[in-house]
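Visitor: Before we look at the model, please tie each label you use to its cut-off.
Guide: Then here it is.

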Amino acid sequence: MSAMVERVAHEVAAPPAAALDDDSRRWLRDLRATGSAHEDAVERLHALLLRAARFEVSRRRGTAAHLRGDALDDIATEAADDALVSVLARLDSFHGLSRFTTWAYKFALLEAAVKIRGRAWQGGEVPLESETWETFASRAPEPAEEAEQSDLLRQVQRAIETELTPLQRRVLVALALNEVPIDVLAERLGTTRGALYKTLHDARRKLRSALEEEKAWTAA
């Protein structure tokens, strides 16, 4: 389950139960019921989530241009399935600041976005080295800032090459510069998301320390 999906259920504080609209109350009642009422509500919810997932997959299909037809629908179905599990597990987290369907819809959108982005990298080369410095440097917002940004980028590149371990360098470049999805990188490196987050955190801490030292030395 993606970290983004985990955040959806906790993005608002709980208002009074009276804030629930009638349609949302019916959804909660039926989903918490048993027997045919529950099964019918789950089927209707899955259909809603599937529509949302298909919409998001279609909107983002340009990021995975090699995927077609059935593959895209498989992604949408998988996203809807996972979103359904998430919604059912978090019914108590819904507090009525939006309609229930709007709240549930977000789970499908986020699941679909994460899955199609991950599938776009599947089977492709995962860039782990700093091959994108020139592209990164070209993002200067104004020509007048080019010299200052170029100097900063040189400092960052030097710090990456001299201060980080090979693993920290690979993880930082892949995640921060090349925007490789963390699940894809974890699979390629045979590790876990948690381990990669820890490595990325340590790498950023080292870079901040190195840049602060260089700034202090320059100002002295």
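Guide: Contact means heavy atoms within 4.5 Å. This is a predicted model, in which local features need pLDDT of at least 70 and side-chain atom pairs count only at pLDDT 80 or more, while totals for chains, interfaces and linings use all residues. Residues are numbered from 1 along each chain as its sequence is written, and side-chain values use heavy atoms, with hydrogens and water left out.

Visitor: How many helices and how many strands does the protein have?
Guide: There are 10 helices and zero strands.

Visitor: Why is E214 called partly exposed?
Guide: Buried means under 20% relative accessible area, exposed over 50%, and partly exposed in between, with a 1.4 Å probe and protein chains only. E214 has 23% relative accessibility and therefore counts as partly exposed. This residue lies in helix α10 (residues 193-219). Neighbours within four places in sequence aside, E214 touches Q155 and R158. Its C-alpha atom is 9.7 Å from that of A159, 55 residues away along the chain.

Visitor: Which residues of helix α2 (residues 22-31) are buried?
Guide: They are S24, W27, L28, D30 and L31. In the protein as a whole, 36% of the 220 residues count as buried.

Visitor: What makes a group of residues a nonpolar core?
Guide: The members must be buried Ala, Val, Leu, Ile, Met, Phe, Trp, Tyr or Cys residues, joined through side-chain atoms within 4.5 Å. The largest such core has 30 residues, of which L31, L45, L49, V87 and F100 touch the most other members. Helix α3 (35-59) gives the most to this core, with nine residues. Apart from it lies another core of 18 residues, among them I160, V180, A186 and A210.

Visitor: What does F100 contact, leaving aside neighbours within four places in sequence?
Guide: F100 is in contact with S24, W27, L28, L31, L45, V87, L91 and F94.

Visitor: At what angle do helix α8 (residues 166-177) and helix α9 (residues 182-189) pack?
Guide: The angle is about 150°, with the axes 10 Å apart. Axes are lines fitted to C-alpha atoms, for helices over the stretch in contact, and angles run from 0 to 180 degrees between N-to-C directions. R170, V171, A174 and L175 in α8 meet I182, L185 and L189 in α9.

Conventions:
Helix = DSSP H or I, 4+ residues; strand = E, 2+ residues; numbered from the N terminus.
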